[in-house]
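Welcome, and thank you for taking a look at this protein with us. Please open the sequence and the structure side by side, and let us walk through them together.

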Amino acid sequence: MVRVMEYLRYLQDPHLVARFQLICGIRGTLSEPVPADISTSDSCRSVDKARSRNNGALHHHTAGETGNEQLTSMGVQRRIADVTDPRKLKHDMEDAPPNGAALSPGGESVAVRGSTLKPLRRNSLTGEAGQEFVIENRFLFYLFTFGTELGNELFYIIFFPFIMWNVDAFVSRRLIMVWVWVMYVGQCTKDVIGWPRPASPPVVKVEMFYNSEYSMPSTHAMSGTAIPFSLFFMTHGRWEYPYTLGFSLALCWCLLVCSSRIYMGMHSVLDVIAGILYSILILFFFLPALDMIDSFNLSSRYAPLVIVSIPLALALFSFTLDTWSTSRGDTAQILGVGAGVALASHVNQLLGLMPDLTADQLPLMVPTVSGGLVCSAILRLVLGVIVLVAIRALMKAITIPLVCWLFRVPSSDLRKARQHVEVELPYRYIVYGTMGFSVLFLVPLLFAYVENA
């Protein structure tokens, strides 16, 4: 058991992340100088505050742990030999350059060759831009940036509707159900465990947007495992394509997303491994129940009530787990999308719209790619996304002032207003629930009208 704990601590060590980044050509830069008009005591406090933010702005101790098992307040997990000497750990952290800057053999910061960049997006909670870093391998930088985007909101806004409108609505709506459940369980688990992001230094923060959220497990790794392999299991046998090809694509997708989170400095190796295993465990129990859940959503007379109320109750529960953060709002909007899609599938069934294919119509053949097919798919996607963006803007403009008025919350500063549970929960749930409903009902109805016009 002791050796297992040692190995887990090793996998959580931020120096392991830093070594992976170094191999991939990511290096930190020198810190920015403190302005001359700031006093010594103020500059010390500024440096301490900056280090705290670079570490994810989350200070946490695990109750009941002592000696080698204690987590430091900076979230740093050194190897077992180093943790036994707290003075050495403190000395290392104080001498380490910010954001993983490179050191010479003499311990001095050195300049390195390559392109100097800053994180593309600011911290979603604090607005912090992050420190500059140097990339020495542009191919890996763009590859892992693409990989991490495969787990972000923008990708899902494009991917799920594209599958829904151009490939297979049956697979898409079930895939959304898997995504909603995996992401909800993952986000709640993060808030319960409360582990911080890998410490910087030694880790270089290539991404800052999610830096203030908790780390364990990696929800990117969870979705990056659940989505491609669920897509493979749902389409194999329903569509005709080689088994090896489908499995290989799912595996490459999964590995790219998971490794990108270590490259970005957002997760330890342990976070990613835990996310993969956690996702597999969820799929093991959820996929066999998918037929029953989908059948209930389509045909039960109580489906609308259950579809709306259960996700809302789950969102309320998630809001009690931690203080305000962007992840809390993300959880509400994910549940809203799932409820909207499920409700749309029930309405489609009642109206006889978009019926599922029968067994004698399967398996489906992959169509020959042609210019007309590609243009039609792109046109559908662009038109549908325009409609969704318009619906989102309209619902947001209506919902936020209305909810603020109902609960007597000042609406002059929308950022502060949305930090109130009574504002953010209905706003996210209603707006994104409407978008989910539109994806499966309103937009396909619009397509049918245009095609028949």
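## Spans named in the record

The unreviewed UniProt entry places the feature "transmembrane region" at residues 139–163, 241–263, 269–290, 302–321, 333–352, 364–383 and 429–450. UniProt positions are given here in the numbering of this text, feature names are shortened, and annotations may be inferred rather than shown by experiment. This is a predicted model, in which local features need pLDDT of at least 70 and side-chain atom pairs count only at pLDDT 80 or more, while totals for chains, interfaces and linings use all residues. Residues are numbered from 1 along each chain as its sequence is written, and side-chain values use heavy atoms, with hydrogens and water left out.

Over residues 139–163 the chain is 88% helix and 0% strand, with 29 Å between the end C-alpha atoms. The span 241–263 is 91% helix and 0% strand, and its end C-alpha atoms lie 33 Å apart.

## The chain as a whole

The chain has 17 helices and five strands. Helices (H or I, at least four residues) and strands (E, at least two) are DSSP runs, numbered from the N terminus. Of the 453 residues, 48% count as buried. Buried means under 20% relative accessible area, exposed over 50%, and partly exposed in between (1.4 Å probe, protein chains only).

The chain exposes about 22,700 Å², and carbon and sulfur atoms supply 67% of that area. Accessible areas come from the Shrake-Rupley method with a 1.4 Å probe; for residues, only the protein chains shown count as cover. Among contacts in the chain (heavy atoms within 4.5 Å) with a separation of 6 or more, 76% come from residues 24 or more positions apart.

## The nonpolar cores

A nonpolar core is a set of buried Ala, Val, Leu, Ile, Met, Phe, Trp, Tyr and Cys residues joined through side-chain atoms within 4.5 Å. The largest one has 80 residues, and Phe159 and Trp179 have the most contacts inside it. Helix H8 (residues 169–193) gives the most to this core, with 14 residues. Domain 1 (16–27 + 114–287) and domain 2 (300–355 + 367–452) both give residues to this core, so it lies between them. The domain bounds come from an automatic or database domain assignment.

Leaving aside neighbours within four places in sequence, Trp179 is in contact with Tyr156, Phe160, Ile227, Ile334 and Val337. A second, separate core of 16 residues includes Val17, Phe229, Val269 and Leu270.

Helix H7 (residues 153–167) has 15 residues and reaches 20 Å from its first C-alpha to its last, close to the 21 Å expected at 1.5 Å a residue. The expected span of a helix is 1.5 Å times one less than its number of residues. In H7, the buried residues include Phe155, Tyr156, Phe159, Phe160 and Trp165. Their cover includes helix H6 (138–149), H8, H9, H10, H15 and helix H17 (421–452).

Helix H10 (residues 243–263) has 21 residues and reaches 30 Å, close to the 30 Å expected. Among its buried residues are Gly246, Trp253, Arg261 and Tyr263. Phe247 is also in H10, and this residue is partly exposed, with a relative accessible area of 34%. Not counting residues up to four places away in sequence, Phe247 touches Phe229 and Phe232. Just after H10, Gly265 takes a positive phi of about 80°.

## Local backbone details

| Residue | Phi | Relative accessible area |
|---|---|---|
| Met354 | near 50° | 33%, partly exposed |
| Arg408 | near 55° | 74%, exposed |

Met354 is found in the loop between H14 and S5, and Arg408 sits in the loop between helix H15 (371–406) and helix H16 (414–417).

Which peptide bond near Pro217 is cis? The bond from Met216 to Pro217 is cis, with omega near -5°. Pro217 lies in the loop between H8 and helix H9 (219–235). The bond from Leu362 to Pro363 is cis too, with omega near 0°, and Pro363 belongs to the loop between H14 and strand S5 (364–365).

Finally, look at Arg328 in helix H14 (residues 326–351). Arg328 is buried, with a relative accessible area of 6%.
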